[in-house]
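Take a moment to turn the model around on your screen before reading on.

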Amino acid sequence: MSVIGQAAVDEVCARTARRLAAVDPLLPEAVDLPAGCGTTFVVGGAEGSAQPAAVASCERWEGEPGSVGLAWGAARRFRLIPAIAGPDVATALDSLIEQWHEHLADVHDTDGEDTAAGIVWPSRDAEGIRVLLRHGMAPRAIVAARATRSDDAERASARPVPADIVIRKGGPADIDAVTSLGIALVRYDDYFGSVIERQDTEENLRRDSAQLLGEPEPWAWLAERDGVAIGMLAGLRPQASTWIAPMTSMAPVAYLQQGFVLATERGGGIGAMLTAAFHVELAKAGVAVALLHYSQVNPLSAPFWSQQGYRPLWATWEARPARTLR
Ligand SMILES: CC(C)(COP(=O)(O)OP(=O)(O)OC[C@H]1O[C@@H](n2cnc3c(N)ncnc32)[C@H](O)[C@@H]1OP(=O)(O)O)[C@@H](O)C(=O)NCCC(=O)NCCS
């Protein structure tokens with residue numbers, strides 16, 4: 001750990017932003033280093049260079065009791081936030097993780113099973129990936145992105161909904177169906193070790209879904225067969241997606257929050273019809289890009305979302321519990 005001035009940090013962040021723009025144009029244009037716990041990790045530049053190659057800080061997140069966010073991972077999460085200007089990305093990342101590992105050894109609450117130590121890493125920044133694996137981290141949640149297309153409405157109408165299926169907007173009366181499909185989604189994703197169903201997850205989902213469905217024009221769709229809900233998709237408008245908007249260079253951003261089809265109905269186009277309805281709405285609302293999360297090892301998610309036009313932007317790499325970081 002070294003002492004570094006704000007001007008030097010800003011300079012590394014600016015060079016990092018330029019490097020990342022070449023890696024993936026959908027990454028944010030600016031890179032900032034949050035203060036985090038107050039410690040800054042620094043990697044010096046090549047010999048003879050006064051400019052550091054990388055800086056990083058450490059953030060700590062603790063789930064609020066009663067928040068649905070507790071289902072999306074460990075209850076206490078330590079994050080290394082790196083800004084790596086390069087040119088040797090792998091060596092700089094390796095050094096930052098080593099410094100962070102030493103730092104976490106002195107943090108009292110990294111112990112415990114329900115903890116994670118991780119990094120949110122650009123999916124296309126391939127040079128760092130072997131280093132992440134070597135330090136005991138595995139890829140968990142992916143943030144995928146899809147730019148809105150001008151022909152989304154035509155694409156949706158080119159695929160008519162079969163006569164025995166109804167795709168309709170959801171509203172407050174659908175709270176039971178949306179909660180039951182939402183908890184089934186959590187239970188399916190729970191198999192893959194990223195999402196964790198908590199004792200109160202169903203109750204928290206119900207509360208959040210009631211709020212979403214109570215909005216004037218909620219972005220929630222149900223698929224029904226014979227009046228029975230067999231699939232659901234819920235999204236957040238740009239005003240409610242500001243928490244994730246800084247993850248991309250495009251704006252406005254919308255967030256696809258939940259997508260689920262009953263196991264007995266999968267592979268029949270229901271998921272695609274729900275997604276098409278969402279995409280039509282995005283185009284109407286002038287949304288530039290939609291983001292969503294899926295579990296890297298969920299065997300249904302990546303192929304399905306890829307087919308719908310989404311591609312990986314960020315991956316959360318984590319060691320769980322936090323002490324398994326090496
Ligand atoms: C992901 C999910 C919503 C997809 O719904 P679905 O109704 O089965 O998907 P569709 O039948 O509309 O699939 C659309 C197309 O993708 C194809 N497809 C669907 N799943 C696929 C997969 N796992 N691999 C390859 N192709 C797939 C279908 O064959 C179909 O192709 P076509 O348009 O050429 O006919 C559904 O599988 C599901 O609920 N999974 C469990 C929950 C989950 O993982 N949700 C995502 C969380 S992020």
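A residue counts as buried when its relative accessible area is under 20%. Keep in mind that this is a predicted model.

Let's start with helix 7. Which of its residues are buried? The buried residues of helix 7 are Ile 270, Gly 271, Ala 272, Met 273, Leu 274, Thr 275, Phe 278, His 279, Glu 281 and Leu 282. An α-helix makes a turn every 3.6 residues, so residues three or four places apart point the same way. Helix 7 is built from 16 residues. From its first C-alpha to its last it reaches 23 Å, close to the 22 Å expected at 1.5 Å a residue. After the helix comes Gly 286, which has a positive phi, near 75°.

Now for the ligand. How many residues surround it? The answer is 24, and the closest are Gly 267, Gly 269, Gly 271, Ala 272 and Gln 307. Sorted by type, the shell holds twelve nonpolar, ten polar and two charged residues.

| Residue | Part of the residue | Distance to a ligand oxygen |
|---|---|---|
| Gly 267 | polar backbone atom | 2.8 Å |
| Gly 271 | polar backbone atom | 2.8 Å |
| Ser 301 | N or O atom in the side chain | 3.4 Å |

How much of the ligand does the protein cover? On its own, the ligand has 920 Å² of accessible area, and the protein covers 77% of that. The elements that give two or more residues to the shell are helix 5 (175-190), strand 9 (253-261), helix 7 (270-285), strand 10 (289-295) and helix 8 (301-307). Helix 8 gives the most, with five residues.

Finally, the cysteines. How many disulfides does a search of the whole structure find? It finds zero. A disulfide needs two cysteine sulfur atoms within 2.5 Å. Cys 37 is in no disulfide either, and the nearest cysteine sulfur to it, that of Cys 58, is 4.6 Å away.

Conventions
Residues are numbered from 1 along each chain as its sequence is written. This is a predicted model: local features need pLDDT of at least 70, side-chain atom pairs count only at pLDDT 80 or more; totals for chains, interfaces and linings use all residues. Side-chain values use heavy atoms; hydrogens and water are left out. A residue is near a molecule or strand if one of its heavy atoms lies within 4 Å of it. A polar contact is a pair of N or O atoms within 3.5 Å; within protein, one must be able to donate a hydrogen and the other to accept it, and residues adjacent in sequence count only if both atoms are side-chain atoms. Accessible areas come from the Shrake-Rupley method with a 1.4 Å probe; for residues, only the protein chains shown count as cover. Helices (H or I, at least four residues) and strands (E, at least two) are DSSP runs, numbered from the N terminus. Ala, Val, Leu, Ile, Met, Phe, Trp, Tyr, Cys and Pro count as nonpolar, Asp, Glu, Lys and Arg as charged, and the others, Gly among them, as polar. The expected span of a helix is 1.5 Å times one less than its number of residues. Buried means under 20% relative accessible area, exposed over 50%, partly exposed in between (1.4 Å probe, protein chains only).
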